[in-house]
Amino acid sequence: MAVRGRSPRFEGIMTAKWEVVIGLETHAQLSTASKIFSGASTAFGAPPNAHASAVDIALPGVLPVLNRGAVERAIRFGLAVGGHVQPRSVFARKNYFYPDLPKGYQISQYEIPVVQGGRVEFVVGDAQKSVRLTRAHLEEDAGKSLHEDFSGMTGVDLNRAGTPLLEIVSEPDMRSAEEAVAYAKALHALVRWIDICDGNMQEGSFRCDANVSVRRAGDEALGTRCEIKNLNSFRFIEKAIQFEVRRQVELIDDGGTVVQETRLYDPDRDETRSMRSKEDAQDYRYFPDPDLPPLAIDSAWVARVQAWLPELPQAMRARMVERHGLLPHEAAILTAERDVATYYERTVAALGGSARLAAHWVIGELSAALNRSGVPVASAKVGPEALAGLLKRVEDKTLSGKLASTVFDAMWNGEGDADTIIAARGLKQISDTGALEKIVDDVLAAHPAIVAEVKAGKEKAFNALVGKAMAATKGKANPGEVNAILKRRLGG
Amino acid sequence: MAAHEDTIAGLAAALAARKLSSVEVTTATLDRIERAQQSLNAFVTIDRDGALAQAKAADAARARGDAGALAGVPIAHKDVLMTAGLTTTCGSRMLAKFVAPYDAFVVERLRRAGTVLVGKTNMDEFAMGSSNETSYFGTVKNPWNTAMVPGGSSGGSAAAVAARLVPGSTGTDTGGSIRQPAALTGICGLKPTYGVCSRYGLIAFASSLDTPGPFARTAEDCALMLNAMAGHDPRDSTSLDRPAEDYTREIAKPASGKPLAGLRIGLPREYFGDGLDAEVAAAIDAALATFRALGATTVDIELPAVKLSVPVYYVIAPAEASSNLSRFDGVRYGHRAAQYDGLADMYRRSRAEGFGAEVKRRILVGTYVLSHGYYDAYYLKAQKVRRLIADDFRRAFAQCDVMMGATTPGVAFPFGAKSADPVAMYLNDIFTIAGNLTGTPAISIPCGFTRAGLPIGLQIQGDYFSEARILDVAHRFQQASDWHARAPRDCAASEPRR
């Protein structure tokens with residue numbers, strides 16, 4: 001039954017009386033060119049069944065052959081989360097009938113998954129969080145049933161059937177929708193970081209099921225959980241959990257009990273609806289797939305993957321905080337995407353100076369420009385070396401911050417490197433004390449009334465004088481220098 | 001000698017020497033198959049046009065001098081194997097109209113060797129049966145006595161070779177489905193080591209047990225067939241990647257007075273106990289005397305866990321089958337009910353109509369043993385016992401080179417004799433099943449007849465990858481006996497019906 005609307009009594013009682021417990025199961029589509037058990041392409045958007053091979057449509061007599069690339073990606077993940085990569089794991093059949101499940105079973109891993117344990121570390125605000133992982137296992141995706149296009153019939157598109165998935169199961173370590181979203185974002189960043197998943201949530205490459213329960217504060221035992229299926233955006237994860245928590249709390253408060261069931265989130269109505277209860281749960285009759293020998297991963301393979309693995313976000317964040325003097329949330333922003341981190345690192349390397357300056361520019365001007373133009377950081381119109389060239393002129397006080405922004409915009413528009421633009425536009429900051437003293441003296445002479453106000457103790461009037469001096473230089477004066485001269489002149 | 005009486009080796013030599021053409025042999029073969037169809041019902045599909053085209057191509061290849069080893073030799077495939085462009089029914093209404101879009105690995109390999117595919121042979125539905133009584137296309141008759149079953153599940157392939165319709169054919173052996181019909185029809189049937197012949201294109205019954213293999217009248221012919229059929233296939237993850245072997249290499253060695261000197265034959269006590277037909281036991285004893293005369297010695301051995309092989313098999317095989325047959329749901333291919341009300345009803349009716357009683361029985365048993373709460377007690381326990389049986393075999397092969405015994409406890413039985421009692425039917429495979437559970441190779445060869453004129457089969461089992469040895473042991477026996485040369489009354493003697 002669907003429950004709608006927001007209860008007025010809800011907000012306050014929430015945190016005081018109840019604890020929310022959330023675990024996520026995430027399906028990350030692995031970025032292999034071909035499917036997990038067949039040679040068909042995994043490319044998205046082809047006409048229905050264009051990428052369905054004999055194996056994918058489960059013709060009689062065909063057999064699965066495991067894609068090594070999918071295993072390689074699972075190993076990367078296992079190492080990245082500090083989990084245990086099993087030297088021997090087993091593929092099992094999960095048996096159920098559905099038109100988009102051509103074999104009548106899904107090949108998955110059941111008793112012995114490829115990765116056990118591990119944790120995902122992330123930052124909420126400036127606080128470090130950690131969520132434990134239960135396991136991660138390889139499995140194949142099902143196809144799609146298309147109900148809309150055929151009247152009175154259902155179409156089946158098996159392009160997606162057999163697409164490799166890594167199902168990542170967390171422990172119930174999250175205590176709010178916000179934490180769950182932060183975990184999902186960190187996981188999303190990680191799978192892209194280690195290049196195992198393109199993270200495209202619109203295309204379903206990364207989707208979550210949330211297990212949600214509530215218990216009275218102080219209770220040891222977990223409450224009965226509901227599983228919300230197929231959440232394919234961070235916003236939906238947040239909204240669905242918030243709705244579900246409210247639903248469960250109100251249900252218990254009204255004397256009811258939560259029934260273990262699978263629910264679907266309807267984003268249009270912002271509610272979750274019952275899909276099937278535990279009693280309807282199918283017996284999947286798991287058993288080891290006799291067509292696939294156990295998956296053996298030797299230590300040499302693991303070592304090769306380990307050697308390939310890039311520095312991971314949490315290690316990079318720690319280094320940025322310790323060595324670069326960044327704040328945790330700044331480091332978190334810079335490590336949200338590997339391309340951004342790479343851009344930042346290259347800027348710092350080329351600049352050879354203040355990492356904080358580089359960080360502020362990457363987080364500020366660069367991100368804003370990327371957002372405006374809608375291009376990914378890898379194809380930014382100002383590359384990291386070019387940005388470093390600009391920041392050198394800020395460090396040596398050639399440019400004020402404001403001027404630097406102007407130069408950056410010109411660089412973005414393709415007018416050349418920082419020095420070329422500075423020279424062409426005559427934007428060099430005036431830091432020559434003699435020249436500035438003359439300008440300041442002229443300003444003081446021209447505005448005796450403001451000078452009087454300053455002497456009467458008006459703070460604002462002082463700033464007005466700075467502004468006049470800056471205007472007289474068309475913004476090129478070094479503001480710090482102007483300040484210092486004014487203070488000396490006015491006996492401050 | 002008429003061509004149809006010749007062996008594969010003989011035909012290949014005659015074709016190579018251009019003494020006869022494949023078109024001649026194939027035409028005669030097709031005529032005989034059509035004449036025998038009414039009395040034996042060995043075939044589901046006869047492909048005259050396709051066969052003659054292949055025969056012409058084989059003759060052209062022979063003329064050019066680039067022909068494969070078996071170029072022009074007509075053979076038949078069990079209808080469980082996918083054959084591109086031909087209906088592949090698996091003996092079931094479910095696939096009665098299903099045209100295979102690709103060739104199974106062994107089909108492809110035999111094509112490459114130049115064989116001419118004349119048709120698809122009848123079989124128990126989805127290879128489930130020991131009498132060929134479960135086929136949707138009617139029973140196959142035993143050429144030695146058409147009131148008797150030919151055995152199963154590869155009954156059509158066995159009957160076709162026994163009746164001298166084709167010199168060789170393919171079968172698949174999951175619990176004895178090659179060896180048992182070979183024994184009941186008086187021919188040779190080899191089940192190779194699991195993984196030696198790819199299962200790609202074999203419509204799965206029980207994946208961990210299904211093994212393709214050849215039928216022929218001599219061990220040498222089986223070796224020639226296996227040479228073509230064996231090999232690594234990357235499309236089957238359970239196919240073994242081993243260097244290619246010449247399975248005739250032992251057979252080709254010159255014979256001495258005591259060709260089997262030094263061979264230790266293990267006689268499992270469990271294969272000579274109660275339940276073994278007296279005439280069968282006598283024939284086995286006589287065969288063993290022949291082997292001793294050829295220089296072999298015998299040693300009594302024990303396989304204590306083998307007595308559990310039938311119950312273990314009837315847990316594992318249905319479990320795998322229940323899952324393997326899920327793809328036959330009426331959605332993409334195969335039988336779909338004409339009338340249904342919604343998805344669940346479409347599944348229910350399509351499968352109810354498409355599958356026969358024995359298939360349904362095994363799907364039910366398999367579904368049960370995999371169910372939550374029963375898995376450990378049945379499936380897991382069965383897998384443990386399976387390992388015990390393999391341990392028995394390992395210990396046995398430390399004491400002997402091959403094991404011998406009857407292939408089946410009795411000989412061919414009348415239609416209907418066991419069809420009402422599944423357990424009695426299942427016990428027909430009591431001596432053959434262990435070889436599937438262990439994955440070891442075994443051959444059944446004819447070693448005598450009952451007074452009623454029904455053939456008796458001797459099973460020779462070997463350790464993993466000992467096919468060349470087993471085939472040689474069988475070959476030496478056939479050099480010293482003529483059971484394999486005895487032919488039933490010709491079922492194809494009358495005029496062809498057109």
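Predicted model: local features only at pLDDT ≥ 70, side-chain atom pairs only at ≥ 80, totals over all residues.
Two packed helices are described by the angle between their axes and the distance between the axes. For helix 8 (residues 338–351) and helix 9 (residues 355–373) of chain A, the axes come within 9 Å and cross at roughly 135°. That angle makes helix 8 of chain A oblique to helix 9 of chain A. On the side of helix 8 of chain A, the residues in contact are A:Val340, A:Tyr343, A:Tyr344, A:Thr347, A:Val348 and A:Leu351, and they meet A:Ala355, A:Ala358, A:Ala359, A:Val362 and A:Leu366 in helix 9 of chain A. By class, the residues of this contact between helix 8 and helix 9 of chain A are 10 nonpolar and 1 polar, with no charged residue.

Another pair in chain A is formed by helix 3 (residues 177–193) and helix 4 (residues 234–253), which pack at an angle of about 155° with their axes 9 Å apart. Angles over 145 degrees count as roughly antiparallel, and helix 3 and helix 4 of chain A are therefore roughly antiparallel to each other. Their crossing is right-handed. The contact brings A:Ala177, A:Glu178, A:Ala180, A:Val181, A:Ala184, A:Lys185 and A:His188 of helix 3 of chain A against A:Phe234, A:Ile237, A:Glu238, A:Ile241 and A:Gln242 of helix 4 of chain A. The residues of this contact between helix 3 and helix 4 of chain A divide into 7 nonpolar, 2 polar and 3 charged.

The lining of the second largest pocket holds 15 nonpolar, 5 polar and 7 charged residues.

Rolling a probe the size of a water molecule over the atoms shows where empty space is left. The model has 5 cavities of 30 Å³ or more, and the largest cavity contains about 170 Å³ of space. This largest cavity is lined by 21 residues, of which A:Val55, A:Asp56, A:Lys103, A:Ile107 and A:Glu140 lie nearest its centre. The lining of the largest cavity is made of 12 nonpolar, 2 polar and 7 charged residues.

The last stop is the backbone of chain B. Most residues other than glycine have a negative phi, and most peptide bonds are trans. Against that background, B:Ala127 has a positive phi of about 65° although it is not a glycine, and the peptide bond from B:Gly152 to B:Ser153 is cis, with omega near 10°. Where in the chain do B:Ala127 and B:Ser153 lie? B:Ala127 is placed in the loop between strand 3 and helix 5 of chain B, and B:Ser153 lies in the loop between strand 3 (116–121) and helix 5 (155–162) of chain B.

Conventions. Residues numbered from 1 in each chain as written. Chains lettered and ligands numbered in written order. Heavy atoms only, no water. 1 Å grid on protein atoms, 1.4 Å probe; cavity = no way out; pocket = protein on both sides within 12 Å on 5 of 7 lines; lining within 4 Å. Points joined across faces, edges and corners; volume = space filled by probe spheres on them. Nonpolar A, V, L, I, M, F, W, Y, C, P; charged D, E, K, R; others polar. Axes fitted to C-alpha atoms, helices over the stretch in contact; angles between N-to-C directions. Helix = DSSP H or I, 4+ residues; strand = E, 2+ residues; numbered from the N terminus. Parallel < 35°, antiparallel > 145°, perpendicular 65-115°, else oblique. Left-handed = near helix turned anticlockwise from the far one by under 90°. Contact = heavy atoms within 4.5 Å.
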